[in-house]
Amino acid sequence: MTVETTGAAQRIAESTTARASDYMALLKPRVMSLVVFTGFAGMVVAPGTLHPLLTIVAVLCIAISAGAAGAINMWYERDIDALMERTRNRPIPAGRIAPNKALAFGITLNILPVLTMGLLLNWVAAALLAAAAGFYIFVYTIWLKRRTPQNIVIGGAAGAVPPMIGWAAVTGSITLDSIVLFLIIFMWTPP
């Protein structure tokens with residue numbers, strides 16, 4: 001069997017074995033749920049109100065962006081995920097989703113919620129959403145995770161931004177109160 005034939009067989013196997021549940025697993029739903037909870041909490045305590053439909057849009061944008069960052073995290077860490085018992089059955093190392101498809105999925109899902117948040121709510125919240133995803137992908141995943149055990153402490157900043165995003169979704173601003181919400185989550189993350 002040639003390399004070309006093997007590659008074609010692998011692509012066919014990947015296309016037939018990937019299920020919606022595999023793409024959902026890329027989104028790291030447990031992590032996503034914490035981000036959604038703290039983002040919603042930021043909306044609840046912010047002064048002002050949002051139309052219920054816009055609240056749902058904001059929560060979905062936060063969830064999708066967090067999940068998309070998780071998908072890119074899994075794409076980047078596919079080599080070490082294949083070596084660890086806990087992670088070797090994830091969709092990419094298990095061969096159910098091709099790495100390039102996971103990356104495209106993550107990038108697309110990172111762009112859409114930022115644009116949606118900006119167009120339907122405000123660009124301050126959208127910028128915070130993009131910053132949180134960018135920090136998680138570039139600072140935590142790519143720069144820190146393989147270099148220092150302090151990655152969770154510093155990288156915790158990405159997970160501490162969602163209350164600020166929720167606050168900004170309602171108010172259109174970053175205030176000292178929203179920074180305090182960030183600090184509460186940031187300081188809570190290491191313990």
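**Pockets and helix packing**

Biologist: Which helices each supply at least two residues of the lining of the largest pocket?
Modeller: Helix H3 (29-45), H4 (52-76), H5 (78-81), H7 (123-144), H8 (151-160), H9 (162-171) and H10 (176-188). Helices are DSSP runs of H or I, at least four residues, numbered from the N terminus.

Biologist: Before we go on, what am I looking at?
Modeller: A predicted model, where local features need pLDDT of at least 70 and side-chain atom pairs count only at pLDDT 80 or more, while totals for chains, interfaces and linings use all residues. Residues are numbered from 1 along each chain as its sequence is written, and side-chain values use heavy atoms, leaving out hydrogens and water.

Biologist: Which helix gives the largest share of that lining?
Modeller: H3, with 8 residues. A pocket here is an open set of points on a 1 Å grid over the protein atoms alone, where a 1.4 Å probe fits, with protein on both sides within 12 Å along at least five of seven lines; lining residues have an atom within 4 Å of a point.

Biologist: How much space, and what classes of residue?
Modeller: About 1,200 Å³, counted as space filled by probe spheres set on the points. The lining divides into 26 nonpolar, 9 polar and 7 charged residues. Gly counts as polar; Ala, Val, Leu, Ile, Met, Phe, Trp, Tyr, Cys and Pro as nonpolar; Asp, Glu, Lys and Arg as charged.

Biologist: And the second largest pocket?
Modeller: Its volume is about 170 Å³. It is lined by 15 residues, with Ile72, Asn110, Ala133, Ile137 and Phe138 nearest its centre. H4, helix H6 (99-120) and H7 each give two or more. H7 gives the most, 7 residues. The lining has 12 nonpolar, 3 polar and no charged residues.

Biologist: New topic. How do H4 and H6 run?
Modeller: Their axes, lines fitted to C-alpha atoms over the stretch in contact, come within 8 Å and cross at roughly 155 degrees. So H4 and H6 are roughly antiparallel, the term for angles over 145.

Biologist: Which residues meet there?
Modeller: Among them, Leu54, Ile62 and Trp75 in H4, and Phe105, Leu109 and Met117 in H6. Contact means heavy atoms within 4.5 Å. This contact divides into 20 nonpolar, 4 polar and no charged residues.

Biologist: What about H8 and H10?
Modeller: Their axes come within 8 Å and cross at roughly 140 degrees. That makes H8 oblique to H10. The contact includes Val153 and Ile154 of H8 and Phe182 and Phe186 of H10. It has 7 nonpolar, 2 polar and no charged residues.

Terms used
Axes are lines fitted to C-alpha atoms, for helices over the stretch in contact, and angles run from 0 to 180 degrees between N-to-C directions. Angles under 35 degrees count as roughly parallel, over 145 as roughly antiparallel, 65 to 115 as roughly perpendicular and the rest as oblique.
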